[in-house]
Each structure stands twice: as C-alpha cells, then as structure tokens.
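Hi,

Here is the structure I promised to pass on. Have a look at it first, and my notes on what turned up follow below.

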Amino acid sequence: MTHPRTLVVRLDSAGDVLLAGPAVRAVAAGSSYTALLCGPQGADAGRMLPGVDDVIVHDAPWVGLEPAPVSRTSTRKVVDAVAAGRFDRALVLVSFHQSPLPVALLLKLAGVGWTGADCEDYPGALLDLRHHRRAHRHEATAALDLARAAGYALPDGDDGALRISEPPDTTALTGPGPYVVLHPGAAVPARAWSPGRAARAAAALAARGHRVVVTGGPGERELTAKVAGRHALDLGGATDLRHLAGVLAGARVAVVGNTGPGHLAAAVGTPVACLFAPVVPAERWGPYGVPHVLLGDQRAPCADSRARHCPLPGHPCLDGVGDAEVLKAVAALADGVPSRTTERGATV
C-alpha cells in the first residue's frame, strides 16, 4: 500500500503546535511525507516536532492576537506552496472555538484531494471528514482523536506524550547543578503573575534553597531582570526556542503560566507548577502528560471569559497564590510524589 503525502495544519502559537505533536507523529507513521502548515509564531516549534519533513509558514488573517491583514499576495503564496507539495490528504487542527473552514478552502484551491477537521459549522464541499470533537477533551487528545478518525494511529511504543527532537546541552548558560526555572511572562497578560508577584516568588524559592533560573524572550528582558533581582540567574533574551527547551530539560521543575514554555517543559518531560488563570479551561489547556500542579483559583469570576487582561482589581486568581503554595508545589514535583492521571494529564 502506498502511503499518502499528508499536510497537518496548526496555525496558532508555539504552544498550540507543541500540543499537536502526538497527532503529527500519528500522521507521520501512516504517511510517506508529512509537512506542517503553521503560523510564524509556531514555526520554530514545528521544526522541532518528530515526524515533520517540512514546515510551510503562513500568517493567517483569521488567527492570532494581532491578525495579519487580508492579502491576495500572501494567499496566493500559501496556495502555491501547498500545491507544490502535492499533498494527497490534509488534517486541519483547530481549537474548540475556531473554524477550520477558511484554511480548508485554501487547501481545496491548492488541489489537496482530501481534508478532515473538527467542525461544527456546515462545511459544504470543503471537508471530506467533518469530525465532531468530544466534550471535555484536552487539545492534544482532541487532535489525536481527529487523527484516529482519519485513519492515522500512533506507532507501537509511542505513549502519546508531547515530544520534541533532542534539545541542546545548555549547561554553559545555566551552570551545573540542580535548578528550578521560573518563566514569568505570557503573551496574554491575564495568564501571568504581575512582575512584583513573580519577583517575590523568585526570592521565596531562593530562600528555600532552590537555585532559580529566570527565562524569557528578547522582549521580556526588563521583566526577567526585575523578577531575577539578586536572587536568581537572569536568562531573559538569552535563548531561542531550542535552547529554552534545553534549559527546561535540565530543570527539576518549571514554574510557568499557561503559555508556550509550559507546553515546552512538558515536551521535554519536566514537571510543571502551572500558574493557570481560568480564563480558558485547564481541562483543555493544562500541562499534558507530565506531573503537574495547577496553581490559581479555577473558580474565579473570570473563568471561561477568554479575557486577555484581568478584569478584576489585583489579578486575584494568580497574584493571590501564596508563596507557601508555590513552595509546596515545587517540593512535591521535585520529590516525584506519585501522581494520578486523567487522559494524558497528570496532577500531583
């Protein structure tokens, strides 16, 4: 039997692409060639996923916090790129609140013969498999469900956890010896501690005897410097995504919000103390496949609001998390306390 050339589409951020990893591996196991179509924010993550032969990048105007303008030129460019790939099949991975139909139309124009996606809207002729997502499914599990419905299964011995290619050794950045990573930033402010609260947590972790490494992107140097202070090693702006993966892989525990580096920590097998604002549900977006603790009031008034900025004074769902809770979570995860598992998520 000839295996198809398959395109997997996941157009959002790096974290979304990392959560697509198990589904991508299932597709790759049943394909002769597997490419990923993703947005510019997810491209680096896509290149680290096992099973991906090529990455096509398109800044789609219907996704992202600051969507690109609609452009006939960029639309023609992505249609031509997909057409050049001569794909037999495509799977479009979307979150529960998104529609796959805009990109499904482009795939049909590019000559893709068969397309499947989770979709509640009437797809007309745009989808060959209109799959209905089961309720209360984690994003990673929902993507695997779609892959299975399309006839793709994980290979024997693949446990379905998040995974990336081997990260580099970053001892030259972190120094030797055990450490805890504190990643204070997030693309959406509602999903992160305030800078002052994060700085107090770094000080509390250091006072408890932990060596703390503070991470952040190039645009977060001011934040990481404030959080690290005199208590921690500041690596703000010092790592690209691959080297951040290496730093996270060397950590005993990562303290991080609901953001891409949290999923990257899970992809390298590091336990996660997750500052999870309930603006989106943890059952869909929490750390996947590794021991973790959710920190934050999951019943706060902002729950399920999808708010980007906290609507309540003082950001109580996250800034209300005390140092004692953080220290307890880090200690439990660092000591390997047995965990209970739901789907592929594990909570100590």
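Helix H8 and helix H9 (residues 221-228) have axes that come within 7 Å and cross at roughly 40 degrees; axes here are lines fitted to C-alpha atoms, for helices over the stretch in contact, with angles running from 0 to 180 degrees between N-to-C directions. Helices (H or I, at least four residues) and strands (E, at least two) are DSSP runs, numbered from the N terminus. That angle makes H8 oblique to H9, given that angles under 35 degrees count as roughly parallel, over 145 as roughly antiparallel, 65 to 115 as roughly perpendicular and the rest as oblique. On the H8 side the contact involves Pro195, Gly196, Ala198, Ala199 and Ala202, and on the H9 side Leu223, Lys226 and Val227, where contact means heavy atoms within 4.5 Å. By class, the contact of H8 with H9 has six nonpolar, one polar and one charged residues. In this scheme Ala, Val, Leu, Ile, Met, Phe, Trp, Tyr, Cys and Pro count as nonpolar, Asp, Glu, Lys and Arg as charged, and the others, Gly among them, as polar.

Before going further, please keep in mind that this is a predicted model, in which local features need pLDDT of at least 70 and side-chain atom pairs count only at pLDDT 80 or more, while totals for chains, interfaces and linings use all residues. Residues are numbered from 1 along each chain as its sequence is written, and side-chain values use heavy atoms, with hydrogens and water left out.

H8 (residues 195-207) also meets helix H14 (residues 323-334): their axes come within 10 Å and cross at roughly 55 degrees. H8 and H14 are therefore oblique to each other. Arg197, Arg200, Ala201, Ala204 and Leu205 of H8 make this contact with Asp323, Val326, Leu327 and Val330 of H14. Here the residues divide into six nonpolar, no polar and three charged.

All five residues of strand E10 (residues 253-257) are buried, so E10 is largely enclosed by the rest of the structure; buried means under 20% relative accessible area, exposed over 50%, and partly exposed in between (1.4 Å probe, protein chains only). Val253, Val255 and Gly257 cover one face of E10, and Ala254 and Val256 the other. In a regular strand the side chains alternate between the two faces of the sheet. E10 is joined by four bridges to strand E7 (residues 180-183), running parallel, and by four bridges to strand E11 (residues 272-275), also parallel. Two strands pair if DSSP finds at least two bridges between them. Val256 is the bridge partner of His183 and stands opposite Cys274 in E11.

Helix H11 (residues 260-267) has eight of its eight residues buried, so H11 too is largely enclosed by the rest of the structure. Its buried residues pack against helix H1 (14-19), E7, helix H10 (241-249), E10, E11 and H12. Just after H11, Gly269 takes a positive phi of about 85 degrees.

Elsewhere, six strands form an open sheet in the order E3-E2-E1-E4-E5-E6, with parallel pairing. Strand E3 (54-57) and strand E6 (129-131) stand at the edges with a single partner strand each, so one side of each is left without a neighbour in the sheet. On average, neighbouring strands of this sheet are turned by 20 degrees against each other, direction ignored. Strand E5 (residues 114-118) pairs with E6 over three bridges in the parallel sense, and Gly116 has Leu129 as its bridge partner in E6.

Thr174 is found in helix H7 (residues 171-174) and is buried, with a relative accessible area of 5%. Leaving aside neighbours within four places in sequence, Thr174 is in contact with Tyr179, Arg211, Leu233, Leu235 and Val247. Leu235 sits in strand E9 (residues 232-236) and counts as buried at 6% relative accessibility. With the neighbours within four places in sequence again left aside, the contacts of Leu235 include Leu173, Thr174 and Val247. Val279 lies in the loop between E11 and helix H12 (282-285) and is buried, with a relative accessible area of 1%.

Best wishes
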